[in-house]
Amino acid sequence: MKVNYIDAKKIVYPVKHSEGWFGVSYNMNIYRGCHHGCIYCDSRSDVYQIKNFDEVKTKKNVKQKLESELITKKKTGIIGMGAMSDPYNKFESELGLTRESLKLIDKYGFGVNIVTKSDLIVRDLDILKRIQKHSSVIVCMTITTYDDELAKIIEPGAPTTTARFKALEELVKCDIYSGITLMPILPKINDNTENIEKIIKKAGEIGAEFISPFYGLTLRKGQREYFYDKLNRYFIGATDFYQKQFGSDYSCHSTNNKQLYELTEKLCNKFSIKYKMKDIIDKSRDYVIEGQISLF
Ligand code: SF4
């Protein structure tokens, strides 16, 4: 596969509400587009104007630009990666741009929140450990279905759920603060109690620290048409349900919403898994080694 490069004015952008999504103060995407092909992907929405979203492009001079931006920031904070494009795509194993970016994040004293569906993240355990010595590291493995076969349909280019759980287990074993982004959960497709129960139980077994759930999905122009096209292909009758139930709504909540949140609360409490955003952010600080008093 050939990598195409694009010009980008900036790499890192400030985020207004830093106590919202995993405490991030900045966002960065060094790639544009994604290879995972999730049928529900919000980044396909017209609002973002990304042509040929499945074709990944790389921003030019990522390392130099990122370093010059980080060096001039007045305040450090948590940098979010993975909001618009998975930082561990098929090019990353060869290019190592996410790895190089993490090294710079470490060098300039920032923290990081990574959202990914890829087991390639375990390659960077060494740098994540280094960052966690001075700042918060919050790794979110996105898992939407326990069923590998269903994952192959709704997230056809991403590693299987089994591979994601294995990577998550390794992160946990290495004391990297990690958990699951349990979203989006698609009405009529994977919004059943059996699926959610299996995911949370497995998370409990491997010692995941948190689960951040959203039982539903958001749909916008461009993304909606792509999603419906895939539904027509793989899930007979599903498009009719979505059209009748949600019309042109942006937020499409599961009709099992209440039941699924109750189940989440019950199981997360049982396995001591955090599921409220404030608790998730607060706990990440306990993993930061710097400033802890050694008794030995
Ligand atoms: S991994 Fe994320 S960015 Fe990539 S296709 Fe899936 S939802 Fe979109």
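Reply: We will go through the core, the strands, a helix and the ligand shell in turn. This is a predicted model, where local features need pLDDT of at least 70 and side-chain atom pairs count only at pLDDT 80 or more, while totals for chains, interfaces and linings use all residues. Residues are numbered from 1 along each chain as its sequence is written.

Me: Which residues have the most contacts inside the largest nonpolar core?

Reply: A nonpolar core is a set of buried Ala, Val, Leu, Ile, Met, Phe, Trp, Tyr and Cys residues joined through C-beta atoms within 7 Å. Buried means 20 or more other C-beta atoms within 10 Å of a residue's own; 12 or fewer is exposed, and in between is partly exposed, with C-beta atoms placed from the backbone. Here the largest core holds 75 residues, and Ile79, Val112, Val139, Ile180 and Ile211 have the most contacts inside it. Its largest share, 5 residues, is supplied by strand E8 (residues 137-142). Strands (E, at least two residues) and helices (H or I, at least four) are DSSP runs, numbered from the N terminus.

Me: What does Ile79 touch?

Reply: Contact means that two C-beta atoms, placed from the backbone, lie within 7 Å. Leaving out residues up to four places away in sequence, Ile79 touches Val12, Val24, Tyr26, Met28, Ile105, Phe110 and Val112.

Me: How buried is strand E7, and which strands does E7 pair with?

Reply: Strands of a sheet pair through backbone hydrogen bonds, either parallel or antiparallel. Two strands count as paired if DSSP finds at least two bridges between them. E7 (residues 111-116) has 6 of its 6 residues buried, so it is largely enclosed by the rest of the structure. Gly111, Asn113 and Val115 are buried on one side, and Val112, Ile114 and Thr116 on the other. E7 runs parallel to strand E6 (residues 78-81), with 4 bridges, and parallel to E8, with 5 bridges. Asn113 of E7 is the bridge partner of Gly80, and Ile138 of E8 is the bridge partner of Asn113.

Me: And where does E8 lead from there?

Reply: E8 pairs in parallel with strand E9 (residues 178-182) over 4 bridges, and Thr142 stands opposite Thr181 in E9. In E8, 6 of 6 residues are buried: Val137, Val139 and Met141 point one way, Ile138, Cys140 and Thr142 the other.

Me: How do I read a helix such as H3 (residues 97-107)?

Reply: An α-helix has 3.6 residues a turn, so residues three or four places apart point the same way. In H3, Leu97, Thr98, Ser101, Leu102, Ile105 and Asp106 are buried. Their cover includes E5, E6, E7 and helix H4. Gly109, which follows H3, has a positive phi, near 75°.

Me: Which strands stand at the edges of the open sheet?

Reply: That sheet has 3 strands in the order E1-E5-E4, with mixed pairing. Strands E1 (4-6) and E4 (31-32) are at the edges with a single partner strand each, so one side of each has no neighbour in the sheet. E4 and E5 (residues 57-59) pair in the antiparallel sense over 2 bridges.

Me: Finally, which residues are around the ligand?

Reply: A residue is near a molecule if its C-beta atom, placed from the backbone, lies within 6 Å of it. The residues around the ligand are Cys34, His36, Gly37, Cys38, Cys41, Ser43, Ser85, Asp86 and Lys117.
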